[in-house]
Structures are given as structure tokens and as C-alpha cells.
Amino acid sequence: MAIRKRGTRIRIDTSTAVLNGFSYIFLGFFALACLLPFLLMIAGSFTDEKAIIKYGFRLWPPEFSTFAYELVFQNPDLVIGSYRVTILITLGGTAVGLFLIAMCGYALQRPDFMMRNHIAFYIYFTTLFSGGLVPFYLLMVKFLKLKDNYLAVVLPALMSPWLIILMRNFMKSIPHSITESAKIDGANDFHIFIRLILPLSVPALATVGLFLALGYWNEWYLSLLFLSPNMKYRPLQLFLYNLITRADFIRNSAASSNIPPQDIPMESMKMATAVVATGPVVLFYPFVQRYFIRGIVIGAVKG
Amino acid sequence: MRAATSTSVPVRKNTSYVSLFRKDFSKNWMLFLMCVPAILFFLLFSYIPMPGVYLAFVRYNYADGIFKSPFIGLENFRFLWLSGDLWRITRNTLLYNIAFILLGNTVQITVAVLMNELRSQWFRKTSQTLMFLPFFISYVLVGLFVYNFLSFEYGTLNSILRSLGREPVETYSNPAIWKYVIVLTHIWKNTGYGSIVYFAAIMGLDPEMYEAAEIDGASAWQRIRYITLPCLRPTFVILLLFALGGILKGNFDLFYNLVGSNTRLYPTTDIIETFVFRSMIVSFNFSSAAAVGFYQSIFGFLLVMTVNWIVRKIEPDYALF
């Protein structure tokens with residue numbers, strides 16, 4: 001985001017100085033409050049279980065230990081299996097969803113396409129009225145028979161009205177004359193979309209694709225609804241959720257390690273798994289932040 | 001969205017919509033084909049389930065299916081009403097959303113305005129990055145963070161209380177404090193995201209206004225009060241309208257990950273979404289769940305329509321459609 005040029009300032013009056021100081025303090029504390037839980041989680045994952053029981057979660061491990069990570073990776077099949085499932089869901093869902101959204105978004109902004117407003121309303125209407133959870137659940141389970149099928153997590157999240165409209169708004173900024181001149185040269189609409197429009201829409205594709213990918217990576221609700229706990233490999237968030245909420249699940253996942261159940265470090269293992277599940281997003285995030293910011297601004301203001 | 005129904009289709013006399021569409025289709029059939037996946041997607045996942053709201057009026061049994069189960073009229077609604085569930089979850093959903101909208105926007109605007117005051121670009125970038133971070137994590141992790149902080153045995157809150165020689169608090173059996181926990185958590189997770197829109201709006205303002213104010217000797221407070229805040233009004237109103245339309249929709253991920261199946265907290269934390277989920281998944285009461293879902297959809301729809309109608313009367317520019 002560009003900073004506004006304020007020009008040279010000769011003197012700063014008191015109220016500005018006070019506000020300035022207040023801004024630093026307020027935002028500093030707020031930012032710290034956003035970071036703190038992450039630090040607590042990382043510290044917790046490296047803390048010896050006995051120290052957690054004795055002192056609770058601390059910002060710095062009183063007794064350092066990597067035992068929780070050793071246990072998580074001692075049975076790597078489960079964690080790596082979850083990772084693989086999540087990565088496949090994320091990549092597959094994002095690739096397919098992005099292509100379909102881009103195709104639809106392009107058509108919906110073509111000024112010479114008369115049906116565009118009717119189709120846009122048909123899509124938008126789904127945000128106004130819905131049949132609710134139960135009919136959707138029965139559709140998925142009874143008619144599509146997607147219980148315990150990873151497609152149950154991928155398919156319903158492929159598109160959303162918000163992302164289609166975001167894509168359409170992005171593509172509006174591509175001059176229509178490009179399409180027109182290509183049409184005169186005899187290219188058809190799909191060709192124009194693939195050859196000319198897609199290469200020009202890289203920022204839009206990056207933004208919408210990242211929103212989709214983040215959604216798939218953090219997906220938990222559909223997994224909770226449609227994937228049962230006796231599936232061996234679950235998406236990471238559901239894996240983490242089961243680990244947090246069910247003590248028996250931790251015992252099972254540490255079962256192959258020949259550790260007596262009472263010695264399993266329940267608390268630090270929760271934290272270690274959380275670190276493993278969230279790590280990629282947090283590490284990746286600073287580099288892609290600007291795409292999200294652009295998406296939020298374009299989606300909200302022009303919407 | 002506003003363009004969705006605007007009539008940009010020029011309808012000349014003697015030209016019916018049908019023939020116009022036929023002409024458009026013969027010219028742009030390929031564009032239509034490019035929309036077909038999206039059309040089928042929403043048909044399958046949104047439109048086909050819609051007639052399923054009929055489920056709310058039957059005594060559902062799995063073997064007979066929706067349309068062959070016995071019709072019982074408003075019996076499902078009557079039961080929900082008499083048990084007091086309907087009132088409790090409606091009240092909770094509404095009050096939480098009002099708190100989220102009012103407090104959330106206040107904090108977001110405050111953050112955006114203060115961010116604009118910062119002169120150190122490094123500090124601004126860093127604090128923005130950190131405040132945006134919670135948006136990127138799943139609510140499962142948010143639930144874990146809250147547990148880290150509030151757990152009776154190991155929570156940071158109780159460690160602090162113990163080290164001060166105070167009695168630790170039993171947070172997970174005390175429904176009263178969860179109102180604050182949930183609202184604070186929501187603010188924690190969404191402020192970075194929400195303030196971006198406001199900050200972008202401030203960035204788009206004409207710097208000359210501020211220079212003129214400075215020459216006239218306006219104080220920092222006056223600058224904010226008379227320039228920045230009035231200029232944020234349109235953004236605020238549009239976001240408010242969006243939010244008002246969804247005021248009956250609860251955030252299942254937030255509530256379920258924080259509260260889960262902790263029955264002692266239900267009086268203050270049960271919302272429509274969690275109730276529907278429980279009725280269906282835990283107690284297999286599909287009809288009751290569908291009745292609540294239908295009630296939510298209908299009133300949500302009427303609410304959006306009413307809000308939009310009123311806005312159209314007062315300030316047409318702000319109307320959603």
C-alpha cells in the first residue's frame with residue numbers, strides 16, 4: 001500500500017504528537033496480542049510434559065524437550081498421510097475451482113453477453129436463500145453417496161459466489177478491445193479466454209487461487225460432516241481437531257511407540273501437531289499477504 | 001453485485017425477451033457454455049437442496065425419504081417453540097452478531113485510523129502483517145489457542161492467577177464469561193482482515209484535504225473527527241448492510257471449536273448453526289434440524305429483502321441489488 005506523501009513538515013503540534021504516540025502503543029499491543037498465541041503454541045510444543053503440568057503453558061519452555069515431535073513423527077504414517085490428503089485436496093480443488101471460476105468470471109463481465117446479468121443473479125441468489133444444512137447433507141450422503149469420500153470435501157468448496165464476483169471485478173479492468181480485435185481476427189471466445197485473457201489475469205488468478213487454497217487448507221467443516229473418524233487418513237484440520245478433542249485419539253496415534261498410556265505427553269503433543277499443521281501457512285503467509293489484501297479491497301469496495 | 005439486476009439489456013418495442021435471448025444465445029453460445037460448470041455447480045449444491053425444506057413439515061424417517069415421510073404440518077416448529085430452544089438460539093445468534101458487527105467495526109476503524117497516523121513505515125508494515133495473521137489460521141487452531149489460555153489446569157490465565165496468589169477460575173464450566181471470550185476471539189481473528197478495507201478507503205482520500213486542515217490549524221482529533229470518519233461513512237454503511245443481511249447466520253466454526261459439546265455452556269453459547277448440527281449429527285433428529293434451518297433461511301431472506309428495500313428508499317446508491 002502506498003504511503004501518502006505529506007510533504008515537509010515544519011513543526012508537529014501537540015495533539016498530533018499525542019495521537020502518534022497512542023497509535024504506536026495501541027497497534028503495538030494489538031499486534032503483540034495477535035502474535036502471542038502462536039508463541040505460546042510453539043513454546044508449548046517444545047516443553048516437557050511435566051513442566052506443562054507443573055507450570056502451565058509458558059512463553060518460554062521451562063524444561064526444553066522435543067519428545068512431542070519425536071512421538072508425532074515416530075508414527076509418521078498418520079501425519080504424512082494427513083499431509084498428503086490435505087495437499088492433494090488443496091492442489092486439486094484449487095486448480096479445478098480456479099479454472100472454472102476464471103471461465104465464468106470472464107464470461108460474466110463481457111459487455112456483449114446479454115445473459116450475463118441473469119446468470120450473475122442466479123449465482124448471487126444462492127447467498128440470499130438456501131435450503132439449509134439438512135437437505136444439503138442428505139443430498140451429499142444419500143444421493144451423491146459421498147460419505148467418507150474426499151470428494152465431499154473438494155466439490156462443495158470449488159466455487160463461491162464471492163470468488164466469482166471477485167474474479168469478474170478483476171477481469172473488468174482488462175480492456176474489452178482486446179477481445180474485440182481478437183474476435184475480428186476470427187478467434188472464438190474460449191480461445192480468447194485461454195490465449196489472451198488468462199495470461200493477462202495472473203494477479204487475479206493468484207489472488208482468487210490463494211483464497212481457494214487457504215480455504216481448502218483450513219477446511220474443517222465439510223470433513224467433520226462427511227468424513228468419519230474411522231477413516232485412516234483425514235485432512236490435517238480434522239486430524240488436529242480429533243487430537244485436541246479426543247484423548248483416545250492421542251493414545252491411539254502414540255500406540256505403536258510402546259509408551260505406557262499415562263506417560264504420553266498429551267498437551268505437548270497437541271501443540272506439536274498444531275505447529276506441524278499450521279507451519280506451512282504461517283511460513284508462506286508473509287510472501288502472499290499482498291495478494292489477499294488486493295482481493296479484500298477489490299472484493300469489498302467494488303462489490 | 002449491484003450490476004446483477006440492473007437492466008442494461010435494451011428492450012426495443014416489438015422485440016420480446018425470448019427472441020432477444022435466442023439471438024444472444026446464437027451469438028454467444030460459447031460464453032454460455034463457459035458458465036455452464038458454475039450453473040451446474042450452484043444447481044446441484046444450492047438449488048436442488050432448496051425443495052428439501054419440505055423436510056421441516058414431516059416426521060422424517062431415513063427409509064421413506066423426504067417426500068414420503070408422514071406430513072405433520074407445523075408440529076416440528078411447535079415443539080421447538082414450546083421447548084424454548086428456538087427463542088434461545090435465535091436470541092444468542094442475533095446478540096452475538098450485533099456485538100460482532102458493532103464492536104468489530106469500531107475496532108477495525110480504530111485500527112485503520114491509527115495505522116494512518118503511523119509515520120514509521122516499518123512499524124506499520126510489521127503491525128499490519130501481525131494483525132492479519134489470525135485470518136490465515138483455521139478455527140480448529142483458534143479453539144486450541146483459547147484452550148491454551150483458559151484451560152483450568154494448564155491455561156496461561158490460571159498460571160498468572162496462581163502466581164499472583166489468587167484462586168484459579170473454572171472457565172469451562174462458567175457460561176457467563178463465554179460471551180466475552182467469543183466476542184474477543186472474533187475480534188482477534190477478524191480485525192486485521194476488516195481493517196484492510198477501511199485502511200484502503202483512507203489511503204484513497206485526497207491528501208489536499210489534510211493539508212488544508214493543517215493550514216487552518218486543525219488538531220489531530222479534529223482531522224479524524226471531521227475528515228477521516230465522515231469519509232469512511234460510505235464504506236461503513238455498505239459493510240453494515242452486508243452484515244445486517246447475514247445477522248441470522250452464525251459462525252459454526254467459531255462456536256463449535258470454542259465450545260464443542262460442553263453442555264454447561266449452551267445457555268450462552270448455543271446458536272442456530274450449532275443447534276442444527278447437533279440435532280442432525282448427534283440426535284439424528286433431521287426434521288427438527290430442518291425446521292430450524294427453514295426458519296433461519298426464511299427470516300434471513302426476509303431480512304435481506306427488507307434491509308435492501310429500506311436502503312433503496314433512503315439512499316439508492318448503497319442498495320445491494
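Trainee: Which residues have the most contacts inside the largest nonpolar core?
Mentor: In this predicted model, they are Ile101(A), Cys104(A) and Met167(A), and the core has 150 residues. A nonpolar core is a set of buried Ala, Val, Leu, Ile, Met, Phe, Trp, Tyr and Cys residues joined through C-beta atoms within 7 Å. A residue is buried if 20 or more other C-beta atoms lie within 10 Å of its own.
Trainee: Where does the largest share of this core come from?
Mentor: Helix α4 (residues 76–109) of chain A gives 12 residues. Helices are DSSP runs of H or I, at least four residues, and strands are runs of E, at least two.
Trainee: Why does the core lie between domain 1 and domain 2 of chain A?
Mentor: Both domain 1 (13–65) and domain 2 (67–303) give residues to it, so it lies between them. The bounds come from an automatic or database domain assignment.
Trainee: What does Cys104(A) touch?
Mentor: Leaving out residues up to four places away in sequence, Cys104(A) touches Ile164(A), Met34(B), Cys35(B) and Ala38(B). Contact means C-beta atoms, placed from the backbone, within 7 Å.
Trainee: New topic. How many helices and strands are in chain A?
Mentor: Chain A has 15 helices and zero strands. Of its 303 residues, 44% are buried.
Trainee: And where is confidence lowest in chain A?
Mentor: In helix α14 (residues 247–253), with a mean pLDDT of 64, while helix α7 (residues 151–154) is highest at 93. pLDDT is the predictor's confidence in each residue, from 0 to 100. The chain A average is 84.
Trainee: How is the numbering done?
Mentor: Residues count from 1 along each chain as its sequence is written, and chains are lettered from A in the order in which they are written. As this is a predicted model, local features need pLDDT of at least 70, and side-chain atom pairs count only at 80 or more, while totals for chains, interfaces and linings use all residues.

Notes:
Buried ≥ 20, exposed ≤ 12 C-beta atoms within 10 Å, placed from the backbone. Contact = placed C-beta atoms within 7 Å.
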